[in-house]
Amino acid sequence: MSELATLARPYAAAVFKRAKEAKATAKWSQNLAFMSAVMKDEEISVVVDNPKVNSSKLTALMLDICQEQVDEEGANFLKLLVQNKRLSLVPYIAKIFEAYKAEDEGYVEVEVTTAYAFSKEEKQNFASKLEKSLGKKVHMNVSVDKSLIGGVLVRAGDKVIDGSIRGQLQQMQKALQ
Amino acid sequence: MQLNPSEISDLIKKRIENFDLSAEAHTEGTVVSVTDGIVRVHGLSEAMQGEMLEFPGNTYGMALNLERDSVGAVVLGPYQHISEGDTVKCTGKILEVPVGEALLGRVVDALGNPIDGKGAIETTETSPIEKIAPGVIARQSVDEPVQIGLKSIDAMIPVGRGQRELIIGDRQTGKTAIAVDAIINQKGTGIKCIYVAIGQKRSSIANVVRKLEEHGAMAHTIIVAASASESAALQFIAPYTGCSMGEFFRDRGEDALIIYDDLTKQAWAYRQVSLLLRRPPGREAYPGDVFYLHSRLLERASRINAAEVEKLTGGKVKGKTGSLTALPIIETQGGDVSAFVPTNVISITDGQIFLESDLFNSGIRPAVNAGLSVSRVGGAAQTKIIKKLGGGTRLDLAQYRELAAFAQFASDLDESTRKQIERGQRVTELMKQNQYSPMSVAQMAVSLFAANEGYLDNVEVNKVLAFEAALQLYMKSEHSGLMDSINATGDFSNEISSGLRAAIETFIKTHSW
């Protein structure tokens, strides 16, 4: 995985530079998200990995699928990936692209898991507190997981803030061993 | 001990009460691959070099390679239960081990866990395994001796407190025997000993422990064992663990002696870890930083001045210097001291005790090669009387070595040459000493005095040791006052000289051997 991220980085950097020049980061973000969604499809990955499918066929197929969603530059990018046999990197490219975008625009993508659903007010309150502690704007993505028992679990990239009852019980288990 | 259930539940209750329930913030990553104890972790962007990483199942690892997208880490201990996709947490701490007085008399593994079945070790303090050695300002020169208890070493290759003296030789030349004798001889001197066994058979380690127990030397000794069956990572960190335990005593104004048995195996373990981490191999396939591996370890053996001790203890200990003396051991292959690791360690240490299998096989034990062995700083620390008397020994042996080749033409040689050869033979014989029988300063002084003053010249070569034994017995029973005074001060005066002379002359007249 780490090696794939290394391979994907130059592509992502190039795409981001181009997107910035064209002031189309949002559009590229959509493009990449769609492409990676396509790549995650099992039937597609079978085709991509199949050595019998030659690159021109694959290009035609990809363009056919993405036709509506992807603009001209996106289509060119797909052609390049097929030519370089790096189509499977698309999800990583998308991920790194998002990271570049977030850094550039000064926000962090945060995944928040709670035991019980937030009310709107709570959500706003929590977001402002997180912004203070992380020192950046946050884009929150909230989900509910009953197995936390109580509290919240925050993930911002590698960083994890575990304020859940489950996490505390695990800590306690370790302390009592 | 009777277990009282209410006590236990009280204890648990108290611990739960004291348990700090704060939301913990940490950095997480996922395991990408596990190969031979080396784990690649994706994420962990904030990991530090040497940081302790937490794996599932109460297992810890150490971050060694920090790369752009991944971290290479070694697992400390078994790694079979770790699988791809597991979460790894940063702990924000460099690997730490317990230190303190409570460890004395115990056998611990490379992480400081007891493995002698004597229960938990009650220590309150921990110390990181990697520390920067004391700087120049904090140091003091070496001027007190560590008595090894072996005539050949204390007389010719003296070791001072805070010195690093390498013991080097082929397998089966008595390297460990010297180390064990040194530990036994520290009984009652206040010097705490740490014996670090790296990559040895468990049976050998058990043997050392048993011998130390038999001679009552375990009470002042800590054994750190990373046996051959343990992972390479543990063998690689064991010396640092032992060093931290020794530094605890040094930093409190006490004296400690640490033995690394042996650093060749540690270098092998480190080579294994490095190659698995895909670091580029260099000479003999060792990575580029094997020199640093040993230099940073041995640099921590030092003598620190009273001001530094006062600073480190927060003013609790005043006017005392602290020292950590290191006796690293290196095993050579076929006497080749110019291999990579031996040359490195020779250049790092303050001298070496060179053991030879030829000498060992011809019955000279300890098999010290007096010509190749040196102590670069020990002379300043040597006890006065031994320094005075031992100087002659070194000279006698050096002259003997030059002339030894002619020994077979004894009849054709002139008087003075013949005398030198005869003296040399007797001194060589006198330097033999049994294992587990270290000698006090006074005992050594008597033997060396007898050789220096020529009292041995009329003793047959094969009777020298018998003569010595009888003389020691006689001195112990008849002149214990003189012996005690030598042991107490270590000075050499005309009074002592004439006392010894009179005693030996009476012994020769009245005793047989």
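How many residues of chain B are in contact with chain A? In this predicted model, 22 residues of chain B are in contact with 16 residues of chain A. On the chain B side, helix 1 (5-18), strand 1 (24-35) and strand 2 (38-43) each supply at least two of the residues that touch chain A. Strand 1 of chain B gives the most to this side, with 7 residues. By residue class, the side of chain B that touches chain A comprises 8 nonpolar, 7 polar and 7 charged residues.

Strand 1 of chain B also takes part in strand pairing between the chains. Its partner is strand 4 of chain A, residues 159-164, and the two strands pair in the antiparallel sense over 4 bridges. Within this pairing, A:Lys159 has B:Thr27 of strand 1 of chain B as its bridge partner.

In soluble globular proteins, nonpolar side chains tend to be buried together. The largest nonpolar core in the model holds 133 residues, and the members that touch the most other members are B:Ala179, B:Tyr195, B:Val196, B:Ala233, B:Ile258 and B:Ala445. Helix 5 of chain B, residues 232-250, gives the most to this core, with 11 residues. When residues up to four places away in sequence are not counted, B:Ala445 touches B:Ile385, B:Ile386, B:Leu389 and B:Ile486.

Key
Residues numbered from 1 in each chain as written. Chains lettered and ligands numbered in written order. Predicted model: local features only at pLDDT ≥ 70, side-chain atom pairs only at ≥ 80, totals over all residues. Contact = placed C-beta atoms within 7 Å. Nonpolar A, V, L, I, M, F, W, Y, C, P; charged D, E, K, R; others polar. Pairing = 2+ DSSP bridges. Core = buried A, V, L, I, M, F, W, Y, C linked by C-beta atoms within 7 Å. Buried ≥ 20, exposed ≤ 12 C-beta atoms within 10 Å, placed from the backbone.
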